[in-house]
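Please keep the sequence and the model in view while reading.

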Amino acid sequence: SFVFNEDDKALLVRHIPANIVKATEGGARHVSVHVAVNKKFVRDLDDDEDLDHHDCFPEPAYLSCKSARKNELEPSFKSILAQEVVLHVDGQDVDLLLLGANLDTNDEAKLGQLEALERLLK
């Protein structure tokens with residue numbers, strides 16, 4: 001039995017842990033991260049006697065470390081998608097930060113993203 005981050009009712013699109021990165025007249029561009037955690041690694045953190053997404057996903061997936069390049073006229077979709085996960089292993093809580101990176105191809109912009117990631121991880 002598993003707990004899924006897509007069970008969060010606060011998601012922008014129901015059952016899809018996605019973030020919009022670009023919207024145009026022709027449609028929208030999204031990125032998503034789907035995570036499942038075996039319930040044997042989940043502890044009832046909110047004391048509601050139910051092992052659910054609140055117990056292992058403190059908040060929905062979010063975009064971070066966006067590229068500063070091309071932000072004058074429209075936002076850049078080059079960013080890092082992050083999902084926090086709390087696991088309970090051998091009597092200890094383990095905090096994870098899962099990352100999916102779409103780094104800019106421009107070296108200066110990519111360096112800015114990596115510096116922002118370093119700040120995020122401190």
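## The buried side of α2

The buried residues of α2 are A109, Q113, A116 and L117, where buried means under 20% relative accessible area, exposed over 50% and partly exposed in between, with a 1.4 Å probe and protein chains only. Because they cover an arc of only 105° around the axis, these residues lie on the same side of α2; the arc is that of the directions from the helix axis to the C-beta atoms. On the face of α2 turned away from this buried side sit the exposed residues D107, E108, R119 and L121.

The model is a predicted one, in which local features need pLDDT of at least 70 and side-chain atom pairs count only at pLDDT 80 or more, while totals for chains, interfaces and linings use all residues. Residues are numbered from 1 along each chain as its sequence is written, and side-chain values use heavy atoms, with hydrogens and water left out.

## Helix against sheet

Helices (H or I, at least four residues) and strands (E, at least two) are DSSP runs numbered from the N terminus. With 15 residues, α2 reaches 21 Å from its first C-alpha to its last, close to the 21 Å expected at 1.5 Å a residue, the expected span being 1.5 Å times one less than the number of residues.

An open sheet of 3 strands has the order β5-β6-β7 with antiparallel pairing, and two strands pair if DSSP finds at least two bridges between them. Its edge strands, β5 and β7, each pair on one side only, and the twist averages 40° from one strand to the next. Between the antiparallel strands β5 and β6 there are 3 bridges, and L63 has L81 in β6 as its bridge partner. Helix α2 packs on the sheet, touching β5, β6 and β7, and its direction makes about 170° with that of β7; axes are lines fitted to C-alpha atoms, for helices over the stretch in contact, and angles run from 0 to 180 degrees between N-to-C directions. The buried residues of α2 pack against β6 and β7, contact meaning heavy atoms within 4.5 Å.

## Salt bridges

The structure holds 2 salt bridges, each defined as a side-chain nitrogen of Lys or Arg within 4 Å of a carboxyl oxygen of Asp or Glu. In one, the closest N and O atoms of R43 and D93 are 2.5 Å apart; this pair links distant parts of the chain, 50 residues apart, with D93 in strand β7.

In the other, R69 and D104 have their closest N and O atoms 2.7 Å apart. R69 lies in the loop between β5 and β6 and D104 in the loop between β7 and α2, so the pair ties together parts that are 35 residues apart in sequence. R69 is partly exposed at 31% relative accessible area, whereas D104 is buried at 2%.
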